[in-house]
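Open the model in your viewer and keep the selection tool at hand. This tour moves from one element to the next.

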Amino acid sequence: MTDHSPAVPPRDSGRPGRRYVIRGGTVMSMDPAVGDFESADVLVEGSRIVAVAPTIDAPDADVIDARGRVVMPGFVDTHHHLFETALRSYLPNGLLLNDGSGSPSADPSYMEHIIGRFAPAYRPEDVHINMLYGRLSQLDAGVTTVLDTSQIHHTPEHSDAAVQALADAGARSVVGYWAGDGRPESQFPQDARRLKEQYFSSTDQLLTMAIGGEVAGGADFGPVYAPVWTLARELDLQIAAHALGFLMDPILQGIARGDNGIALGPDVLFIHMVHISDQVWTAARDAGVRVSLAVPIEMAMRHGTPPLLKMQELGMEPSLSSDVETTMTADPFTLMRSTLTLQRMLVNAQIFDQPRAPENIWPTPAPGTPELLLDRDVLRFATLNGARDLRLGGTTGSLTPGKQADIVLLDATALNVAPMNSAPGAVVTLMDRSNVDSVIVAGTVRKWRGTLLDADLPGLRATLEASRDHLFTAAGLKQHLFP
Ligand SMILES: [Zn+2]
């Protein structure tokens, strides 16, 4: 028998050989071969899921009481600029670019203020605290895996600080090695060799590495991808890049054609994919390119209409990403709900716009109308698809025996949720981060009954505020709570 009390987390969770069973939860595995259970047990040993079944007899294992909880895989965010945490809510109205209108949305804009003025002011210690605090916040919200896409690798010391921050967070992260502000001491992209060897030589760890392979850059916004993509493929690093057609579609067409001896492939993750020509879309689909959509940001900051219907037409599915907390929260519930409601708005509008007689007040969808997205679809985007899109499909994204135990327990007894009448419906349409009861990464309990473990949040917040003060001073910008 175990001497473990259900009031505290299992001892030494995540250590090799340590076993515990998550008992009596409503299990939504996200793996069609495992299925869903109104009530089931999940057995974890070390870092892995061993079994998912209605009842598991494991007398030697500690117990986590999951009654009243939805037990599901942790969420995956496939694009987050974690370095901007100290600038949260700085740009609630800001557009991506200044459109010259003189409106409060045009100025300050994202490119002018965040990338142009704040980003160059980051020291390695700013990178560390911003990324650590932002990553812990997402862990608290149930995001067990994230791709960091911070364009903050100004020097090798900045890169070391980024890796250290994500390691210190104790969660699964993909470190995106991105170009910084182009200062002479930058060693982008060739420092990728050192980083890979120094930090990513083991495959048995929480951190993996990708590279920022932006397709356009420089003063003329010309094609800059070839050397980075070539190096990425030599080092077997995933390539991630923003794909904004209004700026880059001609270059993307060149990649789709195989210009410069570079081809699209399943190792490429394109972010946003707005204003993209059909030629590029078809080539991307055929090459197995992955697509990350930051739906709330794309809608608010004028990137373009998130291409949910285009992807549906092509038989593709996205993963979801939060992008920037300067302008919108990074919690996965907001991402799922925004995606669901936007797609349904677009399709519902099409249905009302069909030619019809005046007395036909509630038309049946015409043949060829896209299917409405369902709660389960956005859950898949936010879990399984995210893992797949970060080349972690065999590691995380579902409660599958053999995979890493990246698990969230969501409180379905809470005031904003009870009584539960549909598990996927409750998670997608009702829950928010307040319902994230417990979070497990690679078998280790990181959040327990509402409290993040092993994190000195007051101390970290003080450091983050000091970083924020430095950044405003160095950027020559004033802090105003009511700008
Ligand atoms: Zn981005």
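Helix axes here are lines fitted to C-alpha atoms over the stretch in contact, and angles run from 0 to 180 degrees between N-to-C directions. Keep in mind that the model is predicted.

**Stop one: two helices.** Select α11 (375-382) and α13 (residues 423-430). At what angle do α11 and α13 pack? The angle is about 70 degrees, and the axes lie 9 Å apart. Angles of 65 to 115 degrees count as roughly perpendicular, so that is how α11 and α13 stand to each other.

Now show the side chains at this contact. From α11 come D375, R376, V378 and L379; they meet P424, G425, V427, V428 and T429 of α13. By class, this contact has 5 nonpolar, 2 polar and 2 charged residues.

**Stop two: around α13.** Highlight A423, A426, V427 and V428, the buried residues of α13. What do they pack against? Their partners are β1 (19-28), β2 (36-45), β5 (69-73), α10 (332-353), α11 and β16 (407-411).

**Stop three: D411.** Go to strand β16 and pick D411. Is D411 buried or exposed? D411 has 20 C-beta neighbours inside 10 Å, so it counts as buried. Leaving aside residues up to four places away in sequence, D411 touches G68, R69, N435 and D437. Then find T339: its C-alpha atom is 23 Å from that of D411, with the two residues 72 apart along the chain.

**Last stop: β6.** Select residues 75-80. In strand β6, 6 of the 6 residues are buried, so the strand is largely enclosed by the rest of the structure. Finish on D77, which stands opposite V146 in β7.

Conventions: Residues are numbered from 1 along each chain as its sequence is written. This is a predicted model: local features need pLDDT of at least 70, side-chain atom pairs count only at pLDDT 80 or more; totals for chains, interfaces and linings use all residues. A residue is buried if 20 or more other C-beta atoms lie within 10 Å of its own, exposed if 12 or fewer, and partly exposed in between; C-beta atoms are placed from the backbone. Helices (H or I, at least four residues) and strands (E, at least two) are DSSP runs, numbered from the N terminus. Two strands pair if DSSP finds at least two bridges between them. Two residues are in contact if their C-beta atoms, placed from the backbone, lie within 7 Å. Angles under 35 degrees count as roughly parallel, over 145 as roughly antiparallel, 65 to 115 as roughly perpendicular and the rest as oblique. Ala, Val, Leu, Ile, Met, Phe, Trp, Tyr, Cys and Pro count as nonpolar, Asp, Glu, Lys and Arg as charged, and the others, Gly among them, as polar.
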